Amino acid sequence: MNKRNRYKKGTLIMSFPGLLLLLLIFVHSGCSTDDTQTVVNFDELVLQDEFDMDGVPDTAVWGYDIGRGVNGWGNNELQYYTDRTENVKVENGFLLITAQQESFKGASYTSARLLTKGLFDQTYGRFETRIRLPWGQGIWPAFWMLGADIDTNPWPGAGEIDIMEFRGQEPTTVLGSVHGPGYSGGESITKSYTLENDRFDTGFHVFGIEWGTEYVNFYVDDVLYNQITPADVTGEWVFDKPFFILVNLAVGGTFVGSPNGETVFPQTMLVDYVRVYK
Amino acid sequence: MKDIKIISLKIAVLFGVIFTVTSGCERSLSGDVDFASFPVTAEVFIDGFSGGLEYRPFEGSKLDAFIVDDQERYEGTASMRFNVPNVGDPAGAFAGAIFPDNGGRNLSGYDALTFWARASQGATINEIGFGNDFGENKFLVTLPNMRISTAWTKYIIPIPDPTRLTNEKGMFWYSEGPENNNGYTFWIDELKFEKLGTVAQPRPAIFNGEDRVEQTFIGSSFTVTGTQTFNLASGLNQTVSAAPSYFTFTSTNPDVARVNELGVVSILDQGTAKITAVLAGVRAAGSLTVESLGNFTPPLIPTRDAANVISIFSDAYTNVPVDFYNGFFGGQTTLGGADLVIDGNNIIRYTELNFVATEFKNPTIDITQMTHLHVDVQVENPVNTGDFVTIELGDFGANAAFGGGDDSSGRVTFTSDTLKTRTWVPFDIPLTDFGLTNRSNLAQLFFITEGTNDTQPGTITDLLVDNMYFYRQE
């Protein structure tokens with residue numbers, strides 16, 4: 001299962017001929033090592049937010065979840081999500097999502113959750129972001145997707161793909177997962193990826209998936225660290241319909257536990273870009 | 001004279017031409033030249049001493065506490081074994097040593113000292129670190145109170161700022177005493193400097209991150225204490241004490257207060273100055289604001305013959321062993337103690353004073369041959385009617401210990417008319433005025449400034465004390 005293919009860094013911003021050339025190389029080397037491997041060819045950019053315009057994020061792409069949801073968005077999370085500039089803004093080429101420790105409408109923390117629901121969704125493709133993550137006990141950032149039919153097909157039926165989840169208290173490790181009917185929450189299909197001699201909160205890293213018919217490949221930087229196929233899930237495969245994107249910074253909750261006295265606030269997640277190819 | 005000038009100009013021009021040509025040649029070579037540097041050897045002790053490493057125990061320590069152990073080890077063929085002595089071990093009261101490489105090493109490429117360790121029992125090692133070379137210890141790093149268990153565990157002591165360690169001699173040091181009076185053994189293995197790449201999120205601090213304000217005088221000095229905290233790959237926040245030389249200090253008013261690279265703040269003039277610090281580009285939490293009141297007038301230097309004196313606190317005499325100048329008792333708010341040094345003169349400064357005890361019970365002292373208590377006090381607050389300073393002496397009686405029914409104490413009070421703001425007042429109090437039952441096991445001296453009834457409320461909170469001694473009137 002663990003196909004650690006090495007991608008060349010910078011592939012994704014290459015011109016089309018360059019990409020074609022590289023793909024040829026991939027096809028070649030791919031055949032020489034593993035004949036059954038699916039070759040990725042999502043090369044048409046369909047959504048690109050480089051966060052180059054200071055101010056509020058592009059309203060044509062991003063909406064917001066506001067408040068505390070039900071049971072802390074289903075996870076006993078502690079933050080109140082807002083769309084205030086204290087919690088979300090675009091500055092110097094980055095989307096900044098900031099978790100603050102403050103008393104706000106009954107919550108002890110505020111933060112933000114952006115989503116493309118109703119604005120952008122897609123079936124299959126390459127979904128990629130470049131992020132410098134925050135850190136500390138109880139800090140829980142994520143770049144993820146939900147089935148676009150979630151309002152009529154409740155979770156976990158709609159499906160969830162977690163392209164990147166991170167526990168602030170484990171600064172070298174991220175997780176990629178899928179949730180669906182019969183394999184959700186603690187039973188999700190998941191795998192972690194740990195950096196050697198580096199960590200996710202000191203520099204930018206690329207997190208992405210290549211999602212096609214009956215597979216989701218998870219990669220960090222130039223390392224493909226997991227592939228999930230229908231054979232891996234313990235229930236119905238629901239990843240064959242449109243999904244929308246979410247990017248958020250949660251505080252506390254069952255996945256990470258609460259912040260403690262050593263957690264430093266504010267904590268900011270810097271998103272360099274979000275790109276989707278088909 | 002003119003001719004000589006012209007000649008020297010010609011020579012200068014000639015030299016200039018030669019220099020230009022020469023430096024031109026050097027420029028083309030410089031890309032291939034490596035500057036001489038100290039070795040970058042990372043290993044300190046793997047299965048034996050690394051090249052240049054020495055063992056230098058502390059004075060008073062058990063000299064043979066350290067041995068190389070080829071039985072117990074984490075990896076390889078040997079480990080470092082440390083035998084911490086029992087209390088009362090005639091060979092030494094504690095185990096402690098430095099392991100220098102006096103040739104110096106360039107450690108700037110590493111971010112931590114790491115090792116594996118285990119002990120014969122759960123214990124807390126008092127101090128362990130690097131940067132101690134029995135010299136200036138400019139880049140001393142100490143991990144205080146390191147918990148150790150019976151299982152081999154990897155420990156990481158981060159380097160506060162590796163760029164400073166281009167010529168470091170202190171590779172490793174430790175100091176540890178008995179646990180609950182009992183000795184034990186611990187082992188260290190695979191001791192080396194590493195570039196982990198995961199030592200991150202530096203949060204330096206001075207004065208424990210507090211914003212301190214101190215009233216002081218010209219000639220006084222303070223020493224900055226610093227720490228560096230990193231988040232490690234495990235998620236643990238590891239704090240080490242970092243020598244002042246790791247920091248760069250700034251004073252808002254260098255005419256009033258100046259800091260040297262060893263972290264000593266010197267007060268030079270009247271006025272206010274705030275001291276802040278930066279470590280490796282990161283502003284340190286905490287600061288020191290000094291409010292210099294100007295010149296300090298010290299109390300008169302005692303002139304009594306030392307043979308007739310038992311001194312508790314004075315630079316003029318050898319003092320008896322004192323347990324503390326500010327012991328904690330329930331209800332006490334007093335801060336401070338023997339921490340003010342002005343032109344080499346140690347002075348006790350109490351702030352937020354309500355009552356405070358100096359205790360000298362190890363051993364208690366016998367003042368039966370003495371006739372008086374001398375003490376110089378200076379009240380720093382405005383003195384109001386009803387203010388007072390009460391001095392109380394406590395004797396522990398024949399059992400030389402607190403309690404047991406044989407203790408006695410007595411007080412003498414000085415009312416507001418005998419006190420004066422910012423002026424030293426010498427008190428010479430006949431010991432008979434205290435009315436003690438015994439004077440052969442004296443152990444306590446109290447200052448009390450807060451009354452227990454409305455007629456004597458007592459508003460004095462800031463008090464300087466010096467030259468506290470008993471003497472025999474000839």
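User: Is R422(B) buried, partly exposed or exposed, and how do I read that?

Analyst: Buried means under 20% relative accessible area, exposed means over 50%, and partly exposed lies in between (1.4 Å probe, protein chains only). R422(B) is partly exposed, because its relative accessible area is 36%. Bear in mind that this is a predicted model, where local features need pLDDT of at least 70, side-chain atom pairs count only at pLDDT 80 or more, and totals for chains, interfaces and linings use all residues. Residues are numbered from 1 along each chain as its sequence is written, chains are lettered from A and ligands numbered from 1 in the order in which they are written, and side-chain values use heavy atoms, leaving out hydrogens and water.

User: Which residue meets R422(B) in a salt bridge?

Analyst: A salt bridge is a side-chain nitrogen of Lys or Arg within 4 Å of a carboxyl oxygen of Asp or Glu. Here the partner is E380(B), at 2.9 Å from N to O. E380(B) has a relative accessible area of 9%, so it counts as buried.

User: What about D89(B): which residue does it pair with?

Analyst: D89(B) bridges to K62(B), with the closest N and O atoms 3.5 Å apart. At 22%, D89(B) is partly exposed, whereas K62(B), at 15%, is buried.
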